[in-house]
Amino acid sequence: MGILSGNPKDEPMHYGEIYSVWVASLAAKGMISCYQAYLNHAGDKDLKKIIDDLLDQAKLEMKECDTLLMDNGITPAPALPERPPVKLEDIPAGARFTDPEIAAKIAADTSLGLVACSQVMGQSIREDIGALFAKYHVTKTALGLRILHMNKEKGWLIPPPLQVKRPEEK
């Protein structure tokens with residue numbers, strides 16, 4: 001098969017893979033910064049645990065994507081500075097994100113992450129890149145389920161309009 005045979009790590013990345021891995025790294029860096037702030041604002045212990053897990057996942061994705069880029073001669077985007085911890089009581093009420101707001105945002109982020117992972121998996125011709133994003137997809141699926149269960153349990157879920165009564169057939 002030529003250049004695209006053998007060890008996938010020895011194959012060149014195509015421009016779509018390069019861009020997608022670079023953007024995934026940048027997104028993970030943004031999530032780390034944002035979720036560190038959310039951790040400062042969160043009061044609920046279950047929410048804090050999920051945010052910690054999301055932070056761990058984002059840090060892993062950043063590290064793995066940056067390594068993949070650097071191994072292929074591409075400079076990754078710079079990381080953002082770490083946010084210092086802040087006591088919840090020190091954040092003014094009007095400036096503070098509420099737990100339901102944070103929960104809704106992390107649910108949306110996780111959902112969008114699933115779509116992004118699927119897109120990278122579909123465009124990849126290097127098996128290692130497709131497998132890497134499949135791994136991220138599985139982890140995001142599990143985190144998304146935990147977030148959904150938490151939102152339902154705490155009464156934070158805002159469902160779309162529900163069809164409770166079906167229209168009568170004519």
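In the predicted model, helix α2 (residues 45-71) packs against helix α3 (residues 99-123) at an angle of about 35°, and their axes lie 11 Å apart. Axes are lines fitted to C-alpha atoms, for helices over the stretch in contact, and angles run from 0 to 180 degrees between N-to-C directions. Helices are DSSP runs (H or I, at least four residues), numbered from the N terminus. The crossing of α2 past α3 is left-handed, a term that applies if the near helix is turned anticlockwise from the far one by less than a right angle. Contact (heavy atoms within 4.5 Å) is made on the α2 side by Leu-47, Ile-50, Ile-51 and Leu-54, and on the α3 side by Asp-99, Ile-102, Ala-103, Ile-106 and Thr-110. By class, this contact has 7 nonpolar, 1 polar and 1 charged residues; Ala, Val, Leu, Ile, Met, Phe, Trp, Tyr, Cys and Pro count as nonpolar, Asp, Glu, Lys and Arg as charged, and the others, Gly among them, as polar.

Residues are numbered from 1 along each chain as its sequence is written, and side-chain values use heavy atoms, with hydrogens and water left out. Because the model is predicted, local features need pLDDT of at least 70 and side-chain atom pairs count only at pLDDT 80 or more, whereas totals for chains, interfaces and linings use all residues.

Asp-90 is located in the loop between α2 and α3. Its relative accessibility is 54%, so Asp-90 is classed as exposed (over 50% relative accessible area; buried is under 20% and partly exposed in between, with a 1.4 Å probe and protein chains only). Asp-90 and Ile-51 are 39 residues apart along the chain, and their C-alpha atoms are separated by 20 Å.

The count of aromatic pairs is 3, where rings of Phe, Tyr and Trp (its six-membered ring) pair if their centres lie within 6.5 Å, and planes under 30 degrees apart count as stacked, over 60 as edge-to-face and the rest as tilted. Tyr-35 and Tyr-38 form a stacked pair, at 5.8 Å centre to centre with 25° between the planes. These two residues are 3 residues apart in helix α1 (residues 15-41) and therefore separated by about one helical turn. Tyr-35 and Tyr-38 are both buried. The ring centres of Tyr-38 and Phe-97 are 5.5 Å apart and the planes are at 85°, so this pair is edge-to-face. It links distant parts of the chain, with Tyr-38 in helix α1 and Phe-97 in the loop between α2 and α3, 59 residues apart. The relative accessible area is 6% for Tyr-38 and 39% for Phe-97, which is partly exposed. Ring pairs link Tyr-35, Tyr-38 and Phe-97 into a cluster.
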